[in-house]
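My notebook is open, and I'm jotting down what I look up as I go. Let me bring up the structure.

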Amino acid sequence: MTELLFRDDAYLRSCEARVTAITERGGVVTDRTVFYATGGGQPGDNGRIELADGQQIEIATTVYGEDRSQIVHVPAEGSALPAVGDTVVLHLDWERRYRLMRVHTALHLLSVVLPFPVTGGQIGEGEGRLDFDIPEAALDKDEIAAKVNEIAGADHAVTSDWITDEELLARPEMVKTMSVKPPMGSGRVRLIRIGDVDLQPCGGTHVGQTAEIGPLDVTKIEKKGRQNRRVRIKLAD
């Protein structure tokens, strides 16, 4: 199994690790990592692996292995590979990751401002979107942005906790997403709490305080079907 260091500290930018496997397609598996693997609408991290001799291997993306117990770092095409057993240092592309963290946290706040079932979502570098199951209604971009910015500006702490599978099953209202279900089966599920305004299961990475999100804009609201509304946000900077 790969130890997921980002779950306990999303601000770790690097870590020492041991190479435990090389996949058939040339992916690098390590015993621990700071790299987030693609999932839940958040793209996998990229960065580089530093070998003992100083050689750098560029990592294009990060994905889960077949049984999801391991994380696979996917090198850029044509890269040299480390050997199993090598001790390496993993370095995140931190600027990209931090933008993803800010957007991801902002989308949690968007789901507070628009308390409707979430039918889909996507997190990008500086922008993102959520799809909502909303009855016919007029949505105002500026009003939504103002409410999200107000909550973010209050600088709520963003913390994590854990709940058992049984506890989550007993509280189905905590799950806002209709299409993506929380990963269950290991006995516990990670929760993300934003002050006293939001609590929901989520495995992604987030900022530690909502003020770190900074100002954002709602750039577009699209009608995707009779009741589906897509709301797009973008960090102002």
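Which residue takes a positive phi in the hairpin of E14 and E15? I found that Gly 225 does, with a phi near 100°, and that four residues sit between the strands.

Before going on, I note that this is a predicted model, where local features need pLDDT of at least 70, side-chain atom pairs count only at pLDDT 80 or more, and totals for chains, interfaces and linings use all residues. Residues are numbered from 1 along each chain as its sequence is written, and side-chain values use heavy atoms, leaving out hydrogens and water.

I looked up how E14 (residues 216–223) and E15 (residues 228–235) pair: they run antiparallel and are joined by seven bridges. (Strands are DSSP runs of at least two residues, helices H or I runs of at least four, numbered from the N terminus; strands pair if DSSP finds at least two bridges between them.) Lys 220 stands opposite Arg 232 in E15.

**Thr 105.** I found this one in helix H1 (residues 94–113). Thr 105 is buried, because its relative accessible area is 0% (buried is under 20%, exposed over 50%, partly exposed in between, with a 1.4 Å probe and protein chains only). Beyond neighbours within four places in sequence, Thr 105 is in contact with residues including Val 158, Ile 194 and His 206 (contact means heavy atoms within 4.5 Å).

**Ala 52.** I checked the loop between E5 (47–50) and E6 (56–64), and Ala 52 is there. Ala 52 counts as exposed, because its relative accessibility is 79%. Its C-alpha atom is separated by 8.2 Å from that of Val 89, 37 residues apart along the chain.
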